[in-house]
Amino acid sequence: MSQRARRAAVALLLACGLLLTGTACGGGKTSKSGTQGGEPGPTATGSAERQRFAKTRIVTNAGLAAGATYQWIVKPFRNGAFKKGADGRTGSLIKAGLAGTFAYNRLKAAVNNAKGDPTLSKALAPVTAGIESLKGLGTKLRKGEAGDADINDFDKVVTSVKDAGRSAGAPVTDKVPSFSDVQKGGGS
């Protein structure tokens, strides 16, 4: 399956998931008994369903963070795009800064998603401090102030999140987001 077809399939699945989630939420006034307008309401999402959604979301968010990190930070760094005098250095640094912000936001979202699954929550607890340490790296990258250690730290944190997901039964694979998504910053 081509990368374009995989991306389309992932986008379709995410759109369907969001549509289903949105329609299940409903609207209107809720009585003290938890029903709308005195009518019997839908039952709460079961624990197994919450855990499945948590795994899906963490895999998606961590995969997007990993893909953005590799595509716009690690790969250009290894190819020398951030070195003084490199062709397109300024553009590469700006893209890396935006990708750093995007990846940080997606990793934070993945940790938040893990709260829906006790196994994932325990697995990601040790990497939370590492994710927090990345907070200012996007700005450092954009300004050209990030060094080898910063790039390696970013790569290590993403790898540790992927490893934590795999150990909790939610294997994460890199999913390179579109650059327009990266420009939006990935906040939700």
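Q: What share of the 188 residues in the protein chain is buried?
A: Buried residues make up 34% of them. Buried means under 20% relative accessible area, exposed over 50%, and partly exposed in between, with a 1.4 Å probe and protein chains only.

Q: Where do these numbers come from?
A: This is a predicted model, so local features need pLDDT of at least 70, side-chain atom pairs count only at pLDDT 80 or more, and totals for chains, interfaces and linings use all residues. Residues are numbered from 1 along each chain as its sequence is written, and side-chain values use heavy atoms, leaving out hydrogens and water.

Q: How many helices and strands in the protein chain?
A: 8 helices and 0 strands. These are DSSP runs numbered from the N terminus: helices are H or I with at least four residues, strands are E with at least two.

Q: Which residues have the most contacts inside the largest nonpolar core?
A: Ile58, Leu107, Leu124 and Ile131, in a core of 39 residues. A nonpolar core is a set of buried Ala, Val, Leu, Ile, Met, Phe, Trp, Tyr and Cys residues joined through side-chain atoms within 4.5 Å.

Q: Which element gives the largest share of this core?
A: α3, with 10 residues.

Q: What is Ile131 in contact with, leaving aside neighbours within four places in sequence?
A: Tyr104, Leu107, Lys108, Val111, Val157 and Val161. Contact means heavy atoms within 4.5 Å.

Q: On to α7. Which of its residues are buried?
A: Asp150, Ile151, Phe154, Val157, Val158, Val161, Ala164 and Gly165. They sit on the same side of α7, because they cover an arc of only 160° around the axis. The arc is that of the directions from the helix axis to the C-beta atoms.

Q: Why would residues three or four places apart point the same way?
A: An α-helix has 3.6 residues a turn, so they do.

Q: And which are exposed on the other side of α7?
A: Ala149, Lys156 and Ser167.

Q: What comes just after α7?
A: Gly169, with a positive phi of about 85°.

Q: New topic. Where does Asp117 lie?
A: In the loop between α3 and α4.

Q: Is Asp117 buried or exposed?
A: Buried, with a relative accessible area of 3%.

Q: How far apart are Asp117 and Ala54?
A: They are 63 residues apart in sequence, and 6.1 Å apart in space, C-alpha to C-alpha.
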